[in-house]
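Colleague: I am new to this structure and would like to go through a few of its parts slowly. Could you take my questions one at a time?

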Amino acid sequence: MSVDDLVRDQARLLNMQSVLQHAAIASITCTGPRSLGPDRKPLRLEIKQDALPVLPVHKVATKVVKTSPGIELIETSVFPDANIINASIAKRELAEECKRSVKLQLQEIKERQQSALNGQKALQRQAEQNQFYAHSRVQRKENDKLLQQQAEQLAKSELEAQQREQQTLLKRNNQKLLLLTIEAVSCCHSRFCGKYEKVAQLLLTLDTESVQACAAINQELRELAQQFDQLVGKLKCGTSEALELNSIFTAEQYCQSLDKLEVKLHQQLTEQEQQQLIKAKQQAEEKEKERLLLLEQQRQKKQEEQQQQEQKHQQELEALLKAAPKAEEAQQPAETTPSAAAPAAAPPTAATATATSGISTSYVHPTRLAFYNEINALYQSKVDAVKPLQTDEAWKKYRTNCQRTINVPLNAITASSPQHLTTNFDKLYNFFAGQPVRTMDGSNITINDHPLARDYCILLMAKKFVSQTDTAISSNPQAAFPFASVINTFWKLLPDFGKIFLAYMYKESPYLVPYVIPQQPDQTPEQYLKTMGYRLSDNNELEKPDMFLKRQTGIARLYAAVIMTPSRKIDGPAQCFGLDEAWRWLTHITFVKPLPDICATMIMEMLQTLGFELWRAYGTNFLKLLVYIQTVYIPQLAAYDEGGPKTRLEMLLSKFLRERQIPQAVGVLPPGFW
């Protein structure tokens with residue numbers, strides 16, 4: 001509310017006071033009862049403040065009251081007029097009404113002022129709010145602009161970071177690619193160098209004629225090595241050409257080219273060797289023809305000399321007959337008969353020797369046949385010697401206990417641990433050393449209980465070892481080596497045991513001699529196959545070929561394991577049956593008559609088991625023997641054998657000659673195992 005409004009309101013209040021005063025005066029001046037009738041308009045007198053009448057003084061009554069002696073109280077009594085009372089009441093009511101009116105007006109004024117203030121505040125707030133909104137919009141625009149700038153900067157920085165990360169990743173990938181390329185080329189280079197050294201060593205072992213024949217291959221080998229060196233040089237320099245993946249393929253192509261070159265070299269060497277062999281064979285044939293021609297000439301010359309001697313003797317006899325008496329004529333035929341009969345006895349002897357020599361070279365080498373006969377003679381003598389013990393029923397229980405004493409520890413022989421192998425060997429050896437052994441019935445037996453018990457138990461143990469080829473070794477080839485170690489140890493301690501063991505091996509497989517036993521005229525095919533190692537059932541049914549080959553493989557594996565496996569160290573340093581036996585067998589098997597399936601199977605098993613040791617011991621000579629088997633023996637075998645074993649043997653020989661190495665057999669006992 002403004003100041004003018006307040007002034008106007010104060011004027012109205014003063015005017016209202018004057019009105020009330022006039023009303024009070026009117027009420028005082030009016031006398032008498034009020035008549036009933038319509039109300040009249042109040043009279044408004046314009047009375048000035050100075051012209052107001054003086055109100056009359058009311059009558060006052062005084063009364064003296066004596067309250068005590070000497071004290072008087074004057075009691076004044078005022079008798080108010082009714083009009084005065086009414087006027088005061090009206091005045092009081094008017095004052096109260098005025099106050100209420102003033103309060104209401106003040107309240108209205110305050111309310112209007114408050115509403116005006118509220119409106120002003122609202123307007124101010126609205127203005128402030130509008131100003132705030134405007135400022136907020138401006139601030140928001142600025143913030144949006146700032147945020148947009150920040151977003152652009154962030155996006156730019158993220159883009160730059162992403163680009164840097166991509167560049168780093170690309171660089172890292174290039175480095176990885178470079179490392180992979182270097183590693184791959186390095187592997188190819190190592191393989192190339194290894195193959196190159198082998199081929200170079202092979203070329204160095206050749207004679208001058210073979211080197212001249214392989215000059216083109218040698219030149220290709222040098223060019224290939226130079227190309228690979230150039231590739232490695234580019235890779236070391238880090239040129240872009242060398243960093244491509246094509247360098248890996250190029251290196252692999254060089255390795256493949258070297259492989260092809262090696263195969264080509266082997267083929268050429270094989271052809272040269274075949275030509276040399278053919279040439280040597282032709283020369284041998286020519287020499288043989290010359291030798292035969294010379295022998296024929298010598299024989300004819302000898303016959304002529306014999307004829308001349310006979311004629312000379314005949315002439316001498318005729319001269320003696322003419323000059324001597326008749327008694328001497330009877331003595332002359334007796335003297336001439338031995339001289340005439342002597343030349344006639346020589347041809348049958350020569351023919352017999354020739355026939356014997358032909359049989360030996362076709363089926364078995366004479367030295368191997370002599371060794372085979374010696375082994376069989378010892379075996380047969382032992383068998384004949386123990387027949388009294390073997391046929392005596394009173395010693396049946398003793399024989400059974402001996403068999404159980406040998407079979408139980410022998411069947412438990414494995415290479416699970418040195419202690420296990422030693423324990424089972426000690427059980428067997430202690431029995432042969434004469435120590436008592438407790439049987440299942442609680443009694444004790446020794447090998448000295450019968451004079452023939454030692455030979456009987458040796459035969460029994462040797463046969464039991466050979467029978468393991470059927471049960472354990474055929475299904476688990478690694479089991480041959482612990483058995484072989486125990487066999488060699490017993491061979492040192494009991495020399496007869498080793499020969500008896502070989503006799504049983506040769507009986508089961510004469511190919512280990514090697515001996516291709518010829519068929520006798522009176523033998524049936526079943527009987528002949530039985531002599532060659534086949535087995536006949538109780539129903540006289542012949543063993544199937546696959547079972548026969550499997551059993552012969554187990555026998556060959558045990559035989560090879562005995563050759564290469566050392567015995568227990570504490571029992572002596574020497575080995576009774578060494579690698580020379582394997583070399584002797586491989587050389588002799590190529591000169592006997594080839595048989596289908598079995599010969600290839602035996603050679604393959606021997607090479608797989610003993611090849612590593614033979615190569616290490618004989619080196620280049622063994623390599624030449626493998627080449628001879630591949631180039632000479634396999635074509636001879638192909639005339640008799642076109643089955644799977646022959647094909648597998650060819651593949652095995654090609655692999656060994658191509659890789660120039662033979663892996664060691666699995667399961668070989670390490671030196672000093674027990």
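Predicted model: local features only at pLDDT ≥ 70, side-chain atom pairs only at ≥ 80, totals over all residues.

Colleague: How are helix α11 and helix α13 oriented to each other where they pack?

Modeller: Helix α11, residues 418-432, and helix α13, residues 480-493, have axes 11 Å apart and pack at an angle of about 30°. Angles under 35 degrees count as roughly parallel. The crossing of the two is right-handed. The angle therefore makes α11, relative to α13, roughly parallel.

Colleague: Which residues of α13 meet α11, and what classes make up the contact of α11 with α13?

Modeller: From α11 the contact uses Leu421, Phe425, Leu428, Tyr429 and Phe432, and these meet Pro482, Val486, Thr489, Phe490 and Leu493 in α13. Sorted by class, the contact of α11 with α13 holds no charged residues, one polar residue and nine nonpolar residues.

Colleague: Is α13 mostly covered or mostly open, and how many of its residues are buried?

Modeller: Helix α13 has 14 residues and spans 20 Å from its first C-alpha to its last, which is close to the 20 Å expected at 1.5 Å a residue. Taking buried as under 20% relative accessible area, α13 is mostly covered, and the number of its 14 residues that are buried is 13.

Colleague: What is the orientation of α17 and α19 to each other?

Modeller: Helix α17, residues 579-589, packs with helix α19, residues 620-638, at an angle of about 25°, and their axes are 11 Å apart. The crossing of α17 and α19 is left-handed. With that angle under 35 degrees, α17 and α19 are therefore roughly parallel.

Colleague: Which residues make the contact of α17 with α19, and how do they divide by class?

Modeller: On the side of α17 the contact is made by Trp583, Leu586, Thr587 and Ile589, while α19 brings Asn621, Phe622, Leu625 and Tyr633. By class, the residues of the contact of α17 with α19 divide into no charged, two polar and six nonpolar.

Colleague: Where is glutamine 608 found, and is it buried, partly exposed or exposed?

Modeller: Glutamine 608 is found in helix α18, which covers residues 598-618. Its relative accessible area is 34%, and buried would need a value under 20% and exposed a value over 50%. Glutamine 608 is therefore partly exposed.

Colleague: What does glutamine 608 touch, leaving aside residues up to four places away in sequence?

Modeller: The C-alpha atoms of glutamine 608 and glutamine 664 are separated by 7.8 Å, although the two residues are 56 residues apart along the chain. Not counting residues up to four places away in sequence, glutamine 608 touches Leu652, Pro663 and Ala665.

Notes: Residues numbered from 1 in each chain as written. Heavy atoms only, no water. Axes fitted to C-alpha atoms, helices over the stretch in contact; angles between N-to-C directions. Helix = DSSP H or I, 4+ residues; strand = E, 2+ residues; numbered from the N terminus. Parallel < 35°, antiparallel > 145°, perpendicular 65-115°, else oblique. Left-handed = near helix turned anticlockwise from the far one by under 90°. Contact = heavy atoms within 4.5 Å. Nonpolar A, V, L, I, M, F, W, Y, C, P; charged D, E, K, R; others polar. Expected span 1.5 Å × (residues − 1). Buried < 20%, exposed > 50% of the residue type's maximum accessible area, 1.4 Å probe, protein only.
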